[in-house]
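Try each task before reading its solution.

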Amino acid sequence: YRGGAPKIGAKAFWPCALFNLDQRGAHLRSRLNEMELVGRARHLVFGPYFHLPPGLWRITVFFRCDDVAAKQWLRLEWGGGGFATYDLTPGNGGGRYEAVIETRLNEPQEVECRVILTASALDGWFAFDGAEVEKIA
C-alpha cells in the first residue's frame, strides 16, 4: 500500500468484473452479471482473491433476483484461511438485496467472497451487482 495500510473506516467498491461468475449459460446472457439458477447447487460468484491486511473486515454483497430465486437458499462465505458463513433466503419477492458478513484476518491474507446456491433449482434468475468492502477494526 503506497499510503500505508487501510485505516478503520476505509471502504472500496469491488465491481462485478473483479469476480468470477458461474459460466453456465454465459453465452446466452444479455448481461454478464445475470444468470439463470436452473440446475444443480453451485458457486454463483467467487473471488476476487485480493490481499488484505489484518483486521476486522465487512463485505456487503449487492444482488437482484426474481420472485422464484428469492425463495432459494443462498450461502455467503467471506474470508481468507477460514471463512465466515451466512445462510439466507433473500425475501418474499423479487428485487434488490444486500447481504452483510464480517471476518477477522489475523495476518495478511488473500480473501474471497463466495455466493453459493445451496440446492438445485428448477427456475429463477440472479444478478450480482458487486460488493463493498470496509475495514471496521
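Let's start with what counts as a cavity: on a 1 Å grid over the protein atoms alone, it is a set of points where a 1.4 Å probe fits but cannot get out, and lining residues have an atom within 4 Å of a point. Grid points are joined across faces, edges and corners, and a volume is the space filled by probe spheres set on the points. One caveat before you dig in: this is a predicted model, where local features need pLDDT of at least 70 and side-chain atom pairs count only at pLDDT 80 or more, while totals for chains, interfaces and linings use all residues. Residues are numbered from 1 along each chain as its sequence is written, and side-chain values use heavy atoms, with hydrogens and water left out.

**Exercise 1. The cavity**

Find how many cavities of 30 Å³ or more the structure holds, and work out which residues line the largest cavity.

Step 1: count. There is one cavity of 30 Å³ or more, and the largest cavity comes to about 40 Å³.

Step 2: list the lining. Its residues are Val-61, Phe-63, Leu-74, Leu-76, Leu-88, Ala-99 and Val-115.

Step 3: sort them. Take Ala, Val, Leu, Ile, Met, Phe, Trp, Tyr, Cys and Pro as nonpolar, Asp, Glu, Lys and Arg as charged, and the others, Gly among them, as polar. The lining then splits into seven nonpolar, no polar and no charged residues.

Step 4: At least two lining residues come from each of β5 (55-65) and β6 (74-79).

**Exercise 2. Salt bridges**

Count the salt bridges, then say which residue pairs with Asp-22.

Step 1: set the rule. Side chains of opposite charge can pair when their charged atoms come close. Here the test is a side-chain nitrogen of Lys or Arg within 4 Å of a carboxyl oxygen of Asp or Glu, and the count comes to nine.

Step 2: take Asp-22. Its partner is Arg-42, with the closest N and O atoms 2.6 Å apart. Asp-22 sits in the loop between β2 (20-21) and β3 (34-36), and Arg-42 in strand β4 (residues 42-52), 20 residues apart. For accessibility, buried means under 20% relative accessible area, exposed over 50%, and partly exposed in between (1.4 Å probe, protein chains only). Asp-22 is buried at 10%, and Arg-42 is buried at 5%.

Step 3: go to Glu-102. This residue bridges to Arg-58, with the closest N and O atoms 3.0 Å apart. Glu-102 lies in strand β8 (residues 95-105) and Arg-58 in strand β5, so the pair ties together parts 44 residues apart in sequence. Both ends are partly exposed: Glu-102 at 35% and Arg-58 at 26%.

Step 4: finish with Asp-129. Its closest N–O distance to Arg-64 is 2.8 Å. Asp-129 is in strand β10 (residues 125-135) and Arg-64 in strand β5, 65 residues apart. Asp-129 is partly exposed at 22%, while Arg-64 is buried at 17%. Shared partners join Glu-34, Arg-64, Arg-96 and Asp-129 into one network.

**Exercise 3. Cysteines**

How many disulfides are there by the sulfur-distance rule?

Step 1: recall the bond. A disulfide is a covalent bond between the sulfur atoms of two cysteines. The cut-off is a pair of cysteine sulfur atoms within 2.5 Å.

Step 2: apply it. The count is zero. For Cys-16, the nearest cysteine sulfur is that of Cys-113, 12 Å away; Cys-16 is buried at 16%. For Cys-65, the nearest is that of Cys-16, 15 Å away; Cys-65 is buried at 4%.

**Exercise 4. Around Ile-59**

Decide whether Ile-59 is buried or exposed, and find what it touches.

Step 1: check contacts (heavy atoms within 4.5 Å). Leaving aside neighbours within four places in sequence, Ile-59 contacts residues including Trp-14, Trp-78, Ala-99, Cys-113 and Val-133. Ile-101 is 42 residues away in sequence, yet the C-alpha to C-alpha distance is 5.7 Å.

Methods. On a 1 Å grid over the protein atoms alone, a cavity is a set of points where a 1.4 Å probe fits but cannot get out, and a pocket is an open set with protein on both sides within 12 Å along at least five of seven lines; lining residues have an atom within 4 Å of a point. Helices (H or I, at least four residues) and strands (E, at least two) are DSSP runs, numbered from the N terminus.
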